[in-house]
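The sequence and model are shown first.

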Amino acid sequence: MAMCFPIFGKENESVVYNPDELIDLFLDCTADGICIVDMENRFIRINPMYTNIFGYTEEDVLGRTFEEFPNPDTVIEIIGAVKRGEAFHNMNTQRSHKDGTILDIAVSYSPFRNLNGEIIAIIAVYRDITNRLNMERELKKTRELYRLITENTTDMIKLYSKDKKVMYASPSHAKGIGYTPEQLIGKTVYEIIVPEEKEHFECFYQELIDKGEPLLFQTKIKTGSNEVIDSETTVSPIFNELNEVESYVTVSRNITDRVKNDDALRNLDRLSIIGQLAAGVAHEIRNPLTSLKGFSKLLKSTTNKEKQEDYLSIITNELDRIDMIVNEFMSLAKPQAIQFERESLNSILESTVKILHPQALLHNVQIINRYHTNEIDLLCNPHQLKQVFVNFLKNAIESMQYGGKVYIDVQKLEEKRVQISFSDEGIGIDTELMGYLGTPFYTTKDKGIGLGLTVSNKILQEHNGTMKIESQPGKGTTVKVELNYI
């Protein structure tokens, strides 16, 4: 007589099951596929999950031997060992589904004994691990692909921790900057960039945190041989499950040659500007020189000390005026080392207006500052920005053949951005020509070389800035520049 067992369910209600019913419940509810094979290797029982995994129903297998189905050759040996009392657990193997699909299976074999301890059958437990192994294979392929990329790319790839220390560096650093990956690991970013770039990097890093998206950073870095090269780096923040930045991936490349080419274009553009401004500067200097000649003659012809002092005061003022004009002109003409520093936006704009004042007088143009904001400081290269603003103002002046006004506006925007607008009352730009603006060596001027907007746009990009041109034929043009401020 079979023994019965009480099972407690809801509210301690007792339900009585016999052992056969418990076995049926177990086989029907387990997440693993199970089959029982007798000592003649015939299937005597399978559960629903076995059918779910392999596609074979009870009608397909019961009474048939396992040799009639596709199995690895080792199964016969394993079954023989289980009949002798051995057990095999969590063996990874491959089996065929009824439709021919190959499955990855984890299988365990155990002897099934009666109450006397005699082995009367074999139990096989199957778990489908196809999806898991496929994911592991894909992950392995992806890791191998990433390894091949990082080991063979000429770009320099680094992984930084949140505290800006190198956790990984690709082998390309050895050729790129003369450091092995082992030498870089543990270094902070401040040990890699030159000290003069620290403040520039801090502003960039704050912008990276605020925006939370990949940004481009151009800086100078030290090589293993103590040389300084120009580097362009894309910095991408990596977020954890709490959407917090926990590390950064950087991809850098040596752009020293490109920077030299850009510098050559800038110098060419600057020389073009100087040549075009020279006439205005000469005219502006000629006026005070005329005064100097006249008052010098008057100074010689009089012995009146009071008049002599008046004449000397006028001569001094005119000399100061010439000195200011020449200094402003030379600040634009002289090549400058490209370094970022803290500078007032108002100071840069006022200096730019002084440079263009002679040419504005020649063209009967009035430059009007309409900004009344508080002092705004930029982390920038003042000489480069001055070159950009000179380009915009010069274009505005030359667009007004019969004179007019140029307006300069400054407006603070969100996210510590500032907009500088240069608006003229000139002839405007035809719609079909707008698409060509900024193309190297494209110009509508007789004396232009077509580099002004190209160089200006490049300089603004290096300052994480933007440039936008709006124009209506016959009504004028507005150039809007956006920059970060401190």
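A contact means heavy atoms within 4.5 Å of each other. By that criterion, and not counting residues up to four places away in sequence, I408 touches L349, V353, I367, I368, N369, R370, Y371, L393, I420, S421 and F422. The model is predicted: local features need pLDDT of at least 70, side-chain atom pairs count only at pLDDT 80 or more, and totals for chains, interfaces and linings use all residues. Residues are numbered from 1 along each chain as its sequence is written, and side-chain values use heavy atoms, with hydrogens and water left out.

**Nonpolar cores**

I408 is among the residues with the most contacts inside the largest nonpolar core, which has 37 residues. A nonpolar core is a set of buried Ala, Val, Leu, Ile, Met, Phe, Trp, Tyr and Cys residues joined through side-chain atoms within 4.5 Å; buried denotes under 20% relative accessible area (1.4 Å probe, protein chains only). Elements that each supply at least two residues of this core include helix 11 (345–362), strand 16 (404–413) and strand 17 (417–423). Helices (H or I, at least four residues) and strands (E, at least two) are DSSP runs, numbered from the N terminus. Helix 12 gives the most to the core, with eight residues. A second, separate core of 22 residues includes V61, V75, I78 and Y126.

Strand 5 and strand 6 (residues 102–113) are joined in the antiparallel sense by seven bridges, and F88 has Y109 in strand 6 as its bridge partner.

**Confidence**

The predictor's confidence in each residue is expressed as pLDDT, from 0 to 100. The protein chain averages 81, and 80% of the residues score at least 70. The elements with the lowest and highest confidence are tabulated below.

| Element | Mean pLDDT |
|---|---|
| Strand 1 (residues 5–8), lowest | 52 |
| Helix 2 (residues 48–54), highest | 95 |

Over residues 438–443 pLDDT stays under 50, although the model has 17 contacts beyond four places in sequence for them. Residues 446–450 also stay under 50, with 13 such contacts. Where pLDDT is low, the predicted coordinates should not be read in detail.

How values were computed
Pairing = 2+ DSSP bridges. Buried < 20%, exposed > 50% of the residue type's maximum accessible area, 1.4 Å probe, protein only.
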